[in-house]
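The entries follow in the order I took them.

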Amino acid sequence: MDNSASMGSKYAHMQYRNPDPVIQCMALRLVAAVVGGLGGSDRGVAAVHADALKAVDKCLKDKSASAAIKTAATSVIKAVAEAGGAGLWANAGSVFEDTARVCVAGLVDPSLTVREAFAAALGEVAAASKAPSAKEAISGLESKPSKKAALEQTIEQAVTTCLTKPFAEAASAHNRQALTALAQAWIAYLGSMQAKHSADEDFLIKAAAKLIELLASASGGKAGAAAPDSGCGPGNDLGPGQGEMPHAQAAVLYVLRVAVMEQLSETGQRALLERLTGMVSTPVGDAVPAGVVALEAMRLIIDVVGEVSSDEVHRMRQPCITKLTAHPQPLQFQAAGVLSAVAVAEPSSAALLLQECLEKLAAQVQQLTAASAPHASSPRGIRDADDSSTTMRLLKDSVLGFANGAAALVSAATRLSLGIPSSLLLSGLDLGTKCIREVVPDSGAGARVIMEAGYILLGAMCIALPQDIMEPRHEELLSLWQPALSAEAAQKLDMKRYLTASLAAAEGEMLTEVQWRVAALEALHAFVMGPCTSCGPLQAATLTATCASLLQPTLDAVCAAPALQDPWRSGSGPNSTFAGAAGLLQLRLLQAYLLLPKAAAFAPEHASILRLCASALKGTSAPSGRSWSGTCGSYSLQRLLDTQDAVLGPAVPGRDPLLDALNSFVGTPGSPPVRPWEQGLPNQTDPASQLAGLLHLYATHICQQVYV
């Protein structure tokens with residue numbers, strides 16, 4: 001065995017001139033096989049490990065090394081770690097540090113296969129710090145106190161060196177490839193700890209909590225804080241995604257689902273749910289990335305266990321209700337999703353939770369209405385500064401949060417066998433109608449937030465209420481969109497009305513005008529998907545024509561206003577809040593047209609729609625890697641490819657679907673959120689792919705008109 005290892009090492013680290021890469025790979029695999037065959041109990045294992053790691057080091061120092069050689073080299077590192085890692089602790093742990101550094105550097109290799117190989121090796125190297133050989137190496141240095149102390153510290157910090165520190169650095173740099181690879185390294189580490197070191201369920205729960213705390217520290221540990229390079233810091237976010245770190249969040253969720261949740265028994269899953277509930281109530285849960293992951297993990301666990309007790313509902317209720325009033329909107333959306341899952345898992349709590357949200361929403365609306373009493377405009381057309389005061393901000397966040405929570409609970413009614421009392425649903429519809437009808441948008445930003453909350457509720461009611469209740473109300477419901485989408489309302493989307501003041505103040509005023517119209521368009525989506533599709537063909541045609549006429553003024557306003565048509569060229573910079581909101585307005589407007597069943601109902605608008613679609617797909621104005629619209633065009637075209645061509649992509653098919661999803665994830669800060677009434681709906685279409693679908697639809701329609 002020793003001779004085989006020496007022979008393999010000799011050929012692997014290129015003692016001969018012009019070595020053959022194939023021979024190098026075969027030699028490295030021979031070394032890996034010998035190391036694996038020796039195990040960790042052989043007396044000469046440390047020397048064999050040392051020779052093997054030297055060969056690997058020399059191979060990887062060659063900048064011309066192929067992907068096959070790198071993969072074979074990582075198989076040696078992995079074999080050494082799996083065999084106990086006796087050779088890693090030589091020279092007071094310096095070999096371990098060098099090996100960990102090499103593996104971390106390999107996580108950003110251009111080759112996906114190489115990155116995955118280094119990730120698997122890195123996870124095993126981290127787990128080797130818990131092997132008996134590590135303790136034996138420490139005890140062998142009793143006569144050398146300084147080296148013993150250094151080795152003890154190296155072994156104690158092994159997980160930090162291999163996994164924690166690299167993850168924090170990759171999250172701060174928004175490094176998608178490194179984060180994906182590190183997620184696989186964490187899974188390899190946790191799997192090895194279970195298989196070889198008898199890690200129990202409590203260890204997995206603590207590891208999950210550690211990952212979430214790591215996210216919080218990477219984001220600065222503050223609500224609304226984000227990584228420096230993520231392009232979504234406080235006050236400079238893209239639309240609703242303030243403080244998000246999408247790739248870091250996706251990586252942690254992948255680890256939690258694969259390495260923790262799937263490995264736990266039902267008792268362990270409920271223990272993890274209790275731990276996450278406690279974390280949401282701490283400052284860790286206030287950091288947006290950590291709070292989003294903790295709440296999403298709670299929702300996933302509730303879906304998996306299927307039912308929760310009244311005591312568990314009581315424990316989760318208050319943290320989720322509290323998060324509904326949080327300033328960063330991602331926390332509001334996730335808390336609403338958890339409440340929806342709780343209502344489905346414990347149907348007897350659904351009506352009580354909905355009633356609580358509606359009552360608190362009504363109380364907050366009343367307070368915000370009083371605080372938003374009409375006041376004189378400044379001479380330059382900009383509202384007074386009290387719209388942005390701390391009290392107003394808390395009121396506005398509470399109104400939107402309780403509206404999202406109530407809407408999510410209303411949508412959950414469609415998944416309950418007995419539903420929710422219709423009287424409670426109708427009271428919610430009445431409250432939404434009141435928010436829209438009894439508030440004047442010109443009263444200030446607070447009034448527009450109330451109307452936004454009304455449209456959020458209206459959208460959920462369009463999905464949840466049965467046809468026999470909705471059909472007599474079609475005309476009345478359609479009139480609710482007049483304040484937001486009429487020609488008179490569209491005139492207020494002209495930024496020239498506000499440019500007599502500073503650009504920042506003008507964009508701030510325009511931002512509030514855009515955001516509540518986005519909610520109105522989303523509610524119209526729900527109306528088209530609900531009442532408009534469930535009625536007869538003649539009535540559907542009438543409703544479609546009415547919806548198209550409602551959309552036309554907003555389309556004309558967007559096409560006529562450069563700041564709305566091309567928001568990323570505005571003077572405030574490509575990452576401004578206004579740019580994200582204006583881009584979301586475009587997307588929701590185009591989605592509304594896409595949902596309408598007959599394109600002929602709005603034939604005069606086809607030219608304008610085509611210009612908007614083509615402009616978004618070109619991707620010339622949106623900054624690459626910074627905004628969801630920047631990747632919209634390329635991602636949309638990918639979705640048009642035949643699914644049988646998936647083998648041509650970078651991800652290897654036929655593996656874990658969650659890993660394939662993580663590899664293909666292109667989320668960016670401020671991506672369009674899942675609307676409350678979409679919770680639990682099947683076959684949700686990716687919003688980013690719909691621009692290409694709309695462009696294809698209208699191009700086909702125009703070609704048919706030309707050639708027929």
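Is H174 buried or exposed? I looked this up first, keeping in mind that the model is predicted. H174 comes out as buried, because its relative accessible area is 17% and the cut-off for buried is under 20%. I placed H174 in the loop between helix 9 (158–172) and helix 10. Its phi is positive, about 60°, although H174 is not a glycine.

Next entry: another backbone angle. A92 also is no glycine, yet I read a positive phi of about 60°. A92 sits in the loop between helix 4 and helix 5 (94–105). I noted A92 as partly exposed, because its relative accessibility is 22%.

I then went to helix 4. T74 lies in this helix, which covers residues 67–82. T74 counts as buried, at 2% relative accessibility. Setting aside residues up to four places away in sequence, I found T74 touching A117, F118 and A121.

Aromatic pairs came next. I noted 6 of them in the structure. I looked at one, W186 with Y189: the ring centres are 6.1 Å apart and the planes stand at 85°, so I wrote it down as edge-to-face. How many residues apart are W186 and Y189 in helix 10? They are 3 residues apart in that helix (residues 176–197), so about one helical turn separates them. Both W186 and Y189 are buried. With F203 they form one aromatic cluster.

Then the core. The largest nonpolar core has 223 residues. The residues with the most contacts inside it are F167, Y455, W481 and L564. Which helix gives the largest share of this core? I found helix 21 (residues 445–464), with 14 residues.

Leaving aside neighbours within four places in sequence, L564 is in contact with L493, M510, V514, A557, V558, F578, A582, L585 and Q586.

Last entry: Q515. I located Q515 in helix 26 (residues 503–529). Q515 is partly exposed, because its relative accessible area is 30%. Not counting residues up to four places away in sequence, Q515 touches E452 and A581. Along the chain, Q515 and A581 are 66 residues apart. Their C-alpha atoms are separated by 6.5 Å.

Terms used. Residues are numbered from 1 along each chain as its sequence is written. This is a predicted model: local features need pLDDT of at least 70, side-chain atom pairs count only at pLDDT 80 or more; totals for chains, interfaces and linings use all residues. Side-chain values use heavy atoms; hydrogens and water are left out. A nonpolar core is a set of buried Ala, Val, Leu, Ile, Met, Phe, Trp, Tyr and Cys residues joined through side-chain atoms within 4.5 Å. Buried means under 20% relative accessible area, exposed over 50%, partly exposed in between (1.4 Å probe, protein chains only). Helices (H or I, at least four residues) and strands (E, at least two) are DSSP runs, numbered from the N terminus. Contact means heavy atoms within 4.5 Å. Rings of Phe, Tyr and Trp (its six-membered ring) pair if their centres lie within 6.5 Å; planes under 30 degrees apart count as stacked, over 60 as edge-to-face and the rest as tilted.
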